Amino acid sequence: MQRVAITHVAQSPGVESKENLHDFTYQVNREVLDKAGLKRADVGCIISSSADIFHSGLSCANAFDWDGIGAFMKEGSRAEESAMSFIYACFRVLSGHFDTVLVTAAIKGSENPDNDAITPFYGDPFYLRPVGMNESVVAAMQMRQYMDRYGITEEQCAKVVVKNRGNALFNPYTHIRKRVSLEDVMSSDRIYDPLKALECAPKSDGVVSVLIASEDKAKKLTDKPVWLSGYGCSLDHFIPGDRNLLDGQLQAAAGRAYEMAGISDPRKAIDVAEVCEPYAFQELLWCEQLGFCKEGEGGKLIDSGITQMDGSLPVNPSGGVLAMNPYTSRGLYRIAEAALQLKGQAGEHQVGKKVKTALAHSTHGFGGQCHSVVILSA
Amino acid sequence: MPKEYRTIRGDVALPYKWALGKTWTRFFDGLKEEKILGTKCTQCGKVFVPARTFCPVCLSDMAEWVEVKPEGEILTWTFVSAKYYGQVKDPPYIIATIKLVGTDCGFHHFIGGVDLSDAKQVRQKLKTGTKVKAVWRPEKKAEILDIAYFAPLK
Amino acid sequence: MGRAVAVIGTGQTKHGRRPDVSYPDMVREVIMVALEDAGITLKDVDGVVHGTMPSMMEGVSSTHLYFAEAIGAVGKPIMKVETCGSTGQSIAHCGFFWVASGMADIVLVVGSEKMNEGDSQATMTTVFDPYFQRVFAAGAPGTFTMQCMEWMYRFKIPEDKGREAAAMVSVSNHDNAMDNPYAHIRMKVTMDDVKNSRIVTYPVRLLDVCPSSDGACAVIFASEEKAKKICKKPAWIKGVGFRGEESFFGESDKSIWPSATEAAQEAYRQAGIKDPLKELDVAEIYNPFTYQEMIFCECFGFCPRGEAPDYVLKGTFKKGGELPCCPSGGTLCTNPIGATGLIRLAETVLQVTGKAGARQVEGAKIALSHAMGGVDQFNGVTIVSSNL
Amino acid sequence: MAKEEYRIIEAEAVVPYELALGGTVSNFFDYLKEEKIMGKRCRKCSRVLVPPRSFCPRCFEEMDEWVEVGQEGVVETWVYINMPFYGQVIKVPYVSAQIRLDGSDSGLTHLIAGFDLTNVNKVREIVKLGGRVKAVWSKEKKGNILDIAYFEPVK
């Protein structure tokens, strides 16, 4: 089978952008092409993930983004969420039809109301929306169940924020770069009790571009290609009440990715993980389901220090989604960050250990309705 | 927050006419009569509320209607004090997942009849397993909010 | 190049006004039909692709979440792909590349729309950029009329001749829809009916324009190995092409429409087609406006530039003509947008597998399907054949 | 009478947004306030685009050369809109057009007005494909595209 690799990555700076989406997107795409020494004309295909109207005031945002992603008169398409875009781009290369595909995710969260005002639109108009459901409400209910069932403490959940926001201090491309203490988190407003304000991700601007290539092409473009070795995705039931919020589809998604990558013990095989944690406790729950620890031991995992930057399995050395949440782009950010760790190009937030295999995870929908897991290797 | 750079402001506002379909029409008609209706899957035997046209697990048609007791127990809940644009009601309020007696899924709705002024006390009072009962809105509109909220049983 | 990919099953709802069913119920209806057509169950499906118009049309964001059960995607990998009006072709292409990549053997692709639940013209206006173009936009008719006017001016097509040919396109699509049990608008119209119908945006009249439909379509893609095992008569994907122009309408020359032209060229190159008029047996063009069908015929190389009205008037694209276009009645008679481009593909699959019933084009072996989207911006083309 | 079997619910969804203009668009609107129509030229393909872009979508290079274009241009195409729809900004009937301003290489979307618009047949006698039109400025400038009130046919 064909192999596909990430060759180059570019990200927008984490601060709120004064550029319009059109120009903002162009700058990052241009940067990734320049890094690869390619012209727009050299790229075979463009796949974007653009924020739809609820996040951008634009319907078919890819129509507007088309110029900025460099897609004029090119083969291209759009997937809604950015981890999907990445995988779709991989399909395109693996099919043998394209040597290079540019994947871009673009969003300006600063231009719309809070995520809490936007995510109710995930809900159906008859039932979930009128009873006030949004992503935070479901996360809060999920957190209470998680603590209830396994005795996870609020402090353990809060520690995730301290860790990730601490890591973010070393990432120039992230949004919120301000250290917080455990006390800060614990005393922040309980906006969705038991969820506290500092345990919820911000809303951010973010454009990230990833150039991927076939094996032959990748080897020509870079001496540090990052190979796709595993991919898994799984979708859960729509109504949260129809599911077990503590045992959703992440195990299924991860299982598929591990099987493809030939990984039997993820705790040993994965060197670093970028996990999508819009709510602090979710990092712990997702880590369990990714097989980094046993069921119900997410609290112990954070206590042990293993997931710290200098631990044996660093999780979110970039600062994660808690430090930067460009909503529809956040999955591709995780993939880009995992690739940078493998390339040894993460700069100040490069983890101490040697990275041979990295995991990137993305989730969207209420309480993790959809999960994608990508395994990358050097 | 005012921006220090130039922007263009506007609202995207669009009208909708969402079809309920037969199943949800009947479900909401039931609420009007203070009845909570679910459907039972003949294949897996599970009962879902609100009623479904097809079983979310088996995808088979749901032919059997069941009236569900307007009582159940709390599976989980959150006390909302956050404020955001277009919010369904002014905070604070409580949203919960409730397992209605005889059903095989969680039902999402508000919890009322609780003093909301002190979140700590609410935490003392509401637990997993707390029994609740539907409180009906006097004026019915055949919609989900015909149930005003669920209140803890004394 | 890649693995060979086939279509092994299709399904359509009865399109039209469907206030009788909720949106998810309508979608589930169509996947059941497609699975039965392919003779497989959901267990056999490795992944699901879903697409609609942008969320503002549905009033629900990320509908793959809402329709998780209805599209049969619970517990499965999911792709949500959207490119506005061309969504139907884009989701088909995603299904094709997924299977061609070897990452899945069987992929279910579902497109859907309930045009009667949202406000289509108001939604389409939000596709225009909010800085320069949105205030002047008037949904789809405004844009397409400008394009058609430009085309007639550019090629010096007399207004009467353009009008006559467009009326003929309407009459023949409506005639064709009479043979299609799934079509939304099924009524006979005469040349005079078209020419005397109400003006929408001059010179475009009501019978030059598609309806707003509710409907869904599902198509099942399979690898060569699986297709040969499961399906007696698969339709093989021979070429796919997709292109887009700038987001500013005025920047590219829409009278020769480069994206439509090059998308078709790309698909022809893969399929080895040199003379489309001769080699294609049938075409399902995305024709929400009669005049536009003629522009597409030129872009797709069915006739020289500026001569489509002549070809239409001599019956080249009619049923029984040299290259029948839209024997299904086309988008002109049925337009549930997120499904429309996929319906075009499904119809060509039915044609090359001899399953098109009363609308069957005798002996059809190779066919083109197409969809268009954005602010007159995107075009996607797929070629299917009865032969591998 | 049988109970109705199905219903619809009607509602409106509203999302407010505030989009950044960015440098190029801000400057363009500032020039409009001074009654100047400015485009940008691509150094590579030499095309002048109005409205201006900060980069050329085809060459993918930055566009940094401002050029003033004419306030007159040619009608590339137009449409008479007498179709009201939800949320429409401009009152019907109106004429929306693509106008290629002198010295530019792209069509600008704008209105053609300044005469009686009530009858489409009369409008067709006034607005011609290939005809020349001229910008008419709004008295009060707001720094947006409607600072040009409309384009009127050149006699």
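Predicted model: local features only at pLDDT ≥ 70, side-chain atom pairs only at ≥ 80, totals over all residues.
Let me begin with chain C as a whole. Its secondary structure comes to 15 helices and 11 strands, and its radius of gyration is 19 Å, close to the 21 Å that the globule rule gives for 388 residues, so chain C is as compact as a globular protein of that length. If you follow the C-alpha trace along its principal axes, chain C spans about 55 × 45 × 40 Å. Of the 388 residues in chain C, 75% are buried, and among the contacts that chain C makes between residues at least 6 apart in sequence, 77% join residues at least 24 apart.

What lies on its two faces? On one side we find C:Ile366, C:Leu368, C:His370 and C:Met372, and on the other C:Ala367, C:Ser369, C:Ala371 and C:Gly373, and all of these are buried, which is to say that both faces of β10(C) are covered.

Strand β9 of chain C, residues 282-284, pairs with β10(C) in the parallel sense over three bridges, and here C:Val282 stands opposite C:Ala367. Strand β11 of chain C, residues 378-385, pairs with β10(C) in the antiparallel sense over eight bridges, with C:Val381 as the bridge partner of C:His370. The hairpin that β10(C) and β11(C) make has four residues between the strands, and in it C:Gly374 takes a positive phi near 75°.

Now to the contact between chains A and C, which takes 47 residues from chain A and 51 residues from chain C. On the side of chain A, the elements that each supply at least two residues are α2 (53-56), α3 (61-65), β3 (75-78), α4 and β7 (226-235). Which of these gives the most to that side? The answer is α4(A), with five residues. By class, the side of chain A that touches chain C has 24 nonpolar, 14 polar and nine charged residues.

In soluble globular proteins, nonpolar side chains tend to be buried together. Here the largest nonpolar core has 368 residues, and those with the most contacts inside it are A:Val210, A:Ile212, A:Val374, A:Leu376, C:Val109, C:Val219 and D:Val95. Helix α4 of chain A, residues 82-94, gives the most to this core, with 10 residues. Taking A:Leu376 as an example, and leaving aside its neighbours within four places in sequence, its contacts include A:Ile6, A:Val226, A:Trp227, A:Leu342 and A:Ala360. There is also a second, separate core of six residues, which includes A:Tyr26, D:Phe55, D:Cys56 and D:Phe60.

Finally, chain D, where three strands form an open sheet in the order β3-β2-β4, with antiparallel pairing. In that sheet β3 (48-49) and β4 (65-68) stand at the edges, each with a single partner strand, so one side of each is left without a neighbour in the sheet. Strand β2 of chain D, residues 38-41, is joined to β4(D) by four bridges and runs antiparallel to it, and D:Met38 stands opposite D:Glu68 in β4(D).

Terms used
Residues numbered from 1 in each chain as written. Chains lettered and ligands numbered in written order. Core = buried A, V, L, I, M, F, W, Y, C linked by C-beta atoms within 7 Å. Buried ≥ 20, exposed ≤ 12 C-beta atoms within 10 Å, placed from the backbone. Contact = placed C-beta atoms within 7 Å. Pairing = 2+ DSSP bridges. Rg over C-alpha atoms; globule rule 2.2 N^0.38 Å. Nonpolar A, V, L, I, M, F, W, Y, C, P; charged D, E, K, R; others polar.
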